[in-house]
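Try each task before reading its solution.

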Amino acid sequence: MSISNEVRIAVMPGDGIGEEIMAPCLELVNQAAGQAGGFSLGYDHIEAGAGLYLRTGEDLPKSALEGARAADAILLGAMGLPDVRYPDGREIVPQIDIREELDLYAGIRPVPTFPGLPVPLADPRAQNLDLILIRESTEGLFAERTKPQEHDDMGVDKMIVTRPASERLFKFAFKLTERRKQQGKEGRLTCVDKANVLGSMAFFRSVFDEIAADYPEITADHCYVDAMALKLIRNPWDNDVLVTENMFGDILSDAGAALMGGMGMAPSADIGDDNAVFQPCHGTAPDIAGTGKANPSAMILSAAMMLDWLGDTMDSDAMRDAGRMLDAAVLAAFSTGDLVPYEMGGNAGLKPITDRVSAMLKKVS
Ligand code: ATP
């Protein structure tokens, strides 16, 4: 915290619907903070993304990165536009650069479902999902993504799995699972890998088993990534916390978002030892930008995760309470079944959803 009881948040709205969902989200965060009392939030607005690249030739200036690094937490909208690319054709993805620069190694992708909203699976158990996927975010198959290709006649990407990165990831995952168990949840951590085929993944699993020995009260098990793809469709409710490497996590987290019925419902956090970024899983959705159809829920739920994380980091019950209230308000907003986002076939967009969450927030304590 910079000055007494003021938490500094770096706000990076980004591009497309990122900009549209950020403003109402901040209003709701302020409302929740006001209701919880005892702390205040100050925002440093930081420009980064494809729009900035178009205008200036830079998508993440050094000053933006340093501003983000200095903040207590970073709230990010969405970045990148399909037609704006580096000269070599790669997409503008400063959010990945931020992850790497700030060493945000644990990508948390919760998969909750919301009673009242349509979900793709017919089984009633799919209405009450509450699992979390943790994605390693600094190495794995993305480790050398920016390295130029060295051959004319083939493309190569290496899966890199190191002991230090794996140990800190698993320790984080076991602690998170422990916390969930204390909240009355199952307390089971599943290592998702491909240890039957890839040496890097067999190593990943062996480090997982070593760390598991330090957490005897947590049930630790394994699942191959292909089997997990099947399980997420057939019986996702039989999962508690999953931990996996970078690329597998990238793919499975989109499957998770699908289970929730829409990208606009899926929040995320990328956590490191000194910094953390909170952002919706979805991209900038240029197809609906400016139409008022964006669903701000994932952005709001990401902000709730931020408040919860700040509460833990700064040992503040008020911040944890603010996060819990915001989360509960989103759940309550959809519970009556008459507020269905456009992306799920309904007719609720940015404003009606924000207004309903705000009204529900007033009622939760
Ligand atoms: P990226 O390529 O970075 O993933 P994207 O926006 O093209 O970005 P997704 O985020 O996967 O891809 O979104 C796919 C589609 O889902 C969007 O084009 C949009 O139609 C819809 N969508 C995504 N987020 C939302 C949202 N918050 N509200 C409503 N619809 C959304």
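**Exercise 1: a serine and its surroundings**

The side chain of Ser137 reaches the backbone nitrogen of Gly107 at 3.5 Å. The model is predicted, so local features need pLDDT of at least 70 and side-chain atom pairs pLDDT 80 or more, while totals for chains, interfaces and linings use all residues. Residues are numbered from 1 along each chain as its sequence is written, and side-chain values use heavy atoms, without hydrogens and water.

Task: Place Ser137 in the fold. Is Ser137 buried or exposed?

Solution. 
1. Ser137 sits in the loop between strand S5 (130–136) and helix H5 (163–182). Helices (H or I, at least four residues) and strands (E, at least two) are DSSP runs, numbered from the N terminus.
2. Ser137 counts as buried because its relative accessibility is 3%. Buried means under 20% relative accessible area, exposed over 50%, partly exposed in between (1.4 Å probe, protein chains only).
3. A polar atom of the Ser137 side chain also lies 2.9 Å from the backbone oxygen of Arg135.
4. Beyond its neighbours within four places in sequence, Ser137 is in contact (heavy atoms within 4.5 Å) with residues including Leu104, Tyr105, Asn246 and Asp270.

**Exercise 2: the ligand**

Task: Which residues come nearest to the ligand?

Solution. 
1. Of the 13 residues around the ligand, His282, Gly283, Ala285, Asp287 and Asn295 come nearest.
2. An oxygen atom of the ligand is 2.4 Å from a polar backbone atom of Gly283.
3. An oxygen atom of the ligand lies 2.7 Å from an N or O atom in the Asp287 side chain.
4. For His282, a side-chain N or O atom is 3.3 Å from a ligand nitrogen atom.

Methods. Polar contact = N/O pair within 3.5 Å; in protein donor to acceptor, adjacent residues only side chain to side chain. Near = heavy atom within 4 Å.
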